[in-house]
Amino acid sequence: METKRLIYLDNNATTPVDPRVVDAMLPYFYEKPGNAASRSHPFGWIAEEAVDYAREQVAALIDADPKEIIFTSGATESDNLGIKGVYEMYASKGNHIITTRTEHKAVLDTCQKIEKSGGQVTYLEVGPDGRINLDELKAAITDKTILVCIMWANNETGVIQPMKEIGAICAEKGVLFMSDATQAVGKIPVNPRETGVHIMAFTSHKMYGPKGVGALYVSRKNPRVKVTAQMDGGGHERGMRSGTLNVPGIVGFGKAAEIAKAEMLSDAARLSALRDKLENGLCRLEETYVNGNKEHRMPHVTNISFKHVEGEGLMMTFNQNIAVSSGSACTSASLEPSYVLVAMGLGDDLAHSSIRFSLGRFTTEEDVDFAIEAVSKGVNHMRDLSPIWEMYKEGIDLNSVVWSAH
Amino acid sequence: MAYSEKVLDHFQHPKNVGTLDKSKKNVGTGLVGAPECGDVMRLQIEVDEVSGIITDAKFKTFGCGSAIASSSLATEWLKGKSIDEALTIDNMDIVEELALPPVKIHCSVLAEDAIKSAISDYRKKNGLEVEAPQLENQA
């Protein structure tokens, strides 16, 4: 059987666009080409109507008011707009932001920019399971704190933070709570109002919608939150985000949200069973560890370290057939091990040995069976090649070896 | 990042994987790199004591595809060379042969270090280290 299979287990990077979403988008390229801001003719009215409907679909997914949805170009822009927008809007109240070490770069780099412009940022540590310590959060809040920004679910491990508890703390202290919910929305039930989240970034292309469109949820009631626009122009999106709306993208985002609302729970149940099968299958290999909290975790993700095997090399054994991500090269050309895994206390050696598998709506059981076999074969191949695996097997304490770091 | 055909070939069909008996006097072992850095190479040579020619070379590497290809290539090049010839192998020769991209040049450096380290170990074991150049200097 030399048929070449290509299996996609990198759904946390991006998801395929659901064909139903593509169908919904198509008319908005040629037949209905209007600018949603054109008020003077039917082309514009049709586009505006389509955007309004999509805004309702997206709002319904997170149980929000459509007026609380600001369309953006994606989660990175939403993170930037949320954090910088709050920092500028609430400058008179304080300049301190609290976040975590394991956020996405869109949050971490934005926070660094704020530090350079005179703001103060506290980066909370996470425990070995990837979750923050609530007492540390409480202790970090000062009278200068204007924002707590903590991701809903981690992109590398799928670990879900104690969102309701964090929301309660923020409410008690009167601090705004923002969340990068990019990996959670559309996959698990996410309700910012019930959770006490006031600002929330998410995107279409992680939930089977097109790339290039995302949203920022901004609470309008209890409290009414405002963010300072980061782009100047025509004053679209209630003045918070100027720029001609990406009508086909927004229509697709809306359709993706509608499908997610209807199918999320059945998808999640099916995928968690497949994920567990994959995880259990791979953990039959010796010296194999699952990273992160297994109870509070996204249903479709597993992050596994194969000790004494380097992740990028391992990936090369099967990447002609299976697409995954490695914790050792998550930022493409960078040779640093994953900062998320390092923040969880994994040694650099285990962090270099990790692979993230993220399943999706179109993953089949056959895919998982194939992956278990191919990855196991790859791990065994790499271990046959690995001098440290040989040393481990000979009973040498690898910590006693004097390595020539380079 | 796509790998070159040569890297892929060495990665899929690595040459000279294995272990030589390091207790033998004519075997030199070099172990370079560190697990925390994401690559460790162990390169071994077996030398004919009469002729000074490297008769066998083996490696094991923990690392990415380029690291494995670099060490596989190094063992191929070492066999049949004299110690002095082996010392002239430069990391840039490996870069060129395997068409390594800039981010993977460190893999070739590690392979050169592994060669030098294996030779140094062999020389130490056989009392050839340090004395030889000193004698030359005195002459």
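**View 1. Where chain B meets chain A.** In this predicted model, 24 residues of chain A are in contact with 25 residues of chain B. On the chain B side, the elements that give two or more residues are the strands β1 (27-34), β2 (39-47) and β3 (54-62), together with helix α2 (65-78). Look for β1(B) to get your bearings: its 4 residues are the largest share of the side that touches chain A.

**View 2. Helix α8 of chain A and its bend.** Follow α8(A) through residues 247-282 and you will reach a bend of about 60° at A:Glu263,. The helix has 36 residues, yet its end C-alpha atoms are only 43 Å apart. A straight helix would reach 52 Å at 1.5 Å a residue.

**View 3. Chain A as a whole.** Stepping back, chain A holds 13 helices and 13 strands. Its C-alpha trace spans about 75 × 55 × 35 Å along the principal axes. The radius of gyration of chain A is 22 Å, which agrees with the value near 22 Å for a compact globule of 406 residues.

**View 4. Inside chain A.** Of the 406 residues of chain A, 52% count as buried. Among the contacts in chain A with a separation of 6 or more, 73% come from residues 24 or more positions apart.

Conventions:
Residues are numbered from 1 along each chain as its sequence is written. Chains are lettered from A and ligands numbered from 1 in the order in which they are written. This is a predicted model: local features need pLDDT of at least 70, side-chain atom pairs count only at pLDDT 80 or more; totals for chains, interfaces and linings use all residues. The expected span of a helix is 1.5 Å times one less than its number of residues. The bend at a residue is the angle between axes fitted to the seven residues ending there and the seven starting there. The radius of gyration is taken over C-alpha atoms; the globule rule is 2.2 Å times the number of residues to the power 0.38. A residue is buried if 20 or more other C-beta atoms lie within 10 Å of its own, exposed if 12 or fewer, and partly exposed in between; C-beta atoms are placed from the backbone. Two residues are in contact if their C-beta atoms, placed from the backbone, lie within 7 Å.
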